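Dear colleague,

Here is the structure I said I would pass on. My notes on what turned up in it follow below.

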Amino acid sequence: MQLLQNVSLKPYNTFGIDIPAAHFIEVSSVDMLPAVTDATAGMHRRVLGGGSNVLLTQPVTGAVIYNNIKGIHKDKEDDNHVWLTVNAGEVWHSFVMYAIANGWAGVENLALIPGTVGAAPIQNIGAYGIEAKETIESVTAWHWEDKRFYTYSNFECTFGYRDSIFKHQLKDKVFITSVTFKLNKKPSFNTTYGAIEQELHKMGITELSIQAIADAVIAIRTSKLPDPKQIGNAGSFFKNPTIPIAQFNNLKQQHPNIPSYPVDAQTIKVPAGWLIEQCGWKGYRRGDTGVHEKQALVLVNYGHAIGSEVWQLSGDILQSVEDKFGIVLEREVQVW
Ligand code: FAD
Ligand code: NAP
């Protein structure tokens with residue numbers, strides 16, 4: 001175990017922000033955790049996975065615990081399901097591809113989401129009509145203060161829309177070490193969302209499969225989203241807001257084209273990307289930071305942006321959306 005000092009986090013975040021961490025330690029096995037806990041006693045500990053959902057705005061004074069715990073284990077199976085425990089440092093997309101290669105369904109719509117398996121429960125990652133919570137059976141985590149492991153059931157994780165207990169009561173209190181998934185041997189396909197069906201048609205797919213769905217999702221994502229290896233970004237910077245129906249009806253009178261998706265009997269989801277675009281931000285550039293030209297929900301770093309510039313831009317966007325629509329956006333990205 002090596003506790004490093006003053007380490008640049010530039011290679012460890014997809015925004016490509018160059019900020020140092022005062023202390024940095026890589027964890028490759030759960031057995032290391034008691035010693036890591038002692039070595040970082042008294043420090044603010046933050047776990048870092050793929051760094052694809054963080055914005056670094058100031059030097060990290062505490063300890064960054066870099067998660068590199070690998071391994072996938074099949075726990076059990078029956079005629080319909082398989083239960084897998086996946087260690088937190090596995091790359092999410094590799095896990096999706098592994099499941100598909102074995103014919104296990106449930107995560108194919110979540111192909112190509114960057115980051116680690118351990119971070120998937122944090123914001124209950126979601127895309128194309130599917131959320132991670134639909135396949136997560138439980139989450140195991142090391143509790144820094146209690147110095148022991150806990151296993152949280154799906155219910156205990158209190159998953160919500162891009163949300164979970166790990167963003168609230170357990171924020172920076174635990175290191176998620178593994179996630180147990182229940183995948184389906186008999187798939188039920190979900191292709192109704194967005195452009196999936198159109199893409200499958202374009203690809204000439206006549207027989208549906210989980211591989212075909214993943215291929216379609218990969219093709220759509222590759223055509224729309226900036227590749228962090230080329231342009232720094234952390235995916236959607238803001239959450240899609242959900243607003244009361246009465247508020248939506250008022251907005252609809254002023255903005256008849258406003259897109260919407262019902263959430264429940266009282267609330268409606270409005271795509272944040274549309275709101276931001278209507279405020280004129282799409283393709284906007286300020287120095288080395290800006291708003292992606294194809295997707296207004298994604299803020300980008302064209303090269304040497306610093307975290308505070310991205311933060312400032314996100315604040316200006318927030319304000320203009322509030323001024324125009326009366327909706328207060330919430331940042332999805334974790335700001336350090
Ligand atoms: P990190 O960025 O390293 O960490 C994120 C937060 O989780 C931090 O607060 C960190 O402290 C905490 N954390 C990470 N790992 C652990 C752990 N093991 N234990 C405790 N805390 C931990 N998200 C979606 O939901 N849907 C998408 O479709 C999507 N598309 C994206 C596309 C692009 C191009 C990019 C760049 C991002 C996208 N994201 C998407 C966001 C991101 O990929 C996910 O949030 C992902 O789960 C983050 O994983 P990570 O390992 O990079 O987490
Ligand atoms: P899109 O298909 O252009 O749709 C725009 C927004 O409308 C999405 O954010 C989505 O909300 C909502 N939407 C579209 N069709 C819907 C439906 N049938 N039912 C309910 N909501 C619907 O979005 P996109 O930007 O290309 O992204 C595609 C998917 O990838 C989305 O699910 C998005 O969340 C996900 N994604 C997430 C991130 C991230 O960092 N979080 C980054 C890129 C892509 P939802 O977001 O709630 O699905």
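**Sheet, ligand and pocket**

Arginine 46 has valine 64, in β5, as its bridge partner. Please keep in mind that this is a predicted model. The strands β3 and β5 (residues 60-67) run parallel and are joined by four bridges.

Both belong to an open sheet of four strands, ordered β1-β2-β5-β3, with mixed pairing. β1 (4-8) and β3 (45-48) are the edge strands; each has a single partner strand, so one side of each has no neighbour in the sheet. On average, neighbouring strands of this sheet are turned by 45° against each other, direction ignored.

Next, the ligand. There are 33 residues around ligand 1, and those that come nearest are Val47, Gly49, Ser52, Thr116 and Arg221.

- Serine 52: a side-chain N or O atom is 2.7 Å from an oxygen atom of ligand 1.
- Threonine 116: a side-chain N or O atom is 2.6 Å from an oxygen atom of ligand 1.
- Arginine 221: a side-chain N or O atom is 2.6 Å from a nitrogen atom of ligand 1.

By class, the lining of the second largest pocket consists of seven nonpolar, three polar and three charged residues.

Regards

Key: Residues numbered from 1 in each chain as written. Chains lettered and ligands numbered in written order. Predicted model: local features only at pLDDT ≥ 70, side-chain atom pairs only at ≥ 80, totals over all residues. Heavy atoms only, no water. Pairing = 2+ DSSP bridges. Helix = DSSP H or I, 4+ residues; strand = E, 2+ residues; numbered from the N terminus. Axes fitted to C-alpha atoms, helices over the stretch in contact; angles between N-to-C directions. Nonpolar A, V, L, I, M, F, W, Y, C, P; charged D, E, K, R; others polar. Near = heavy atom within 4 Å. Polar contact = N/O pair within 3.5 Å; in protein donor to acceptor, adjacent residues only side chain to side chain.
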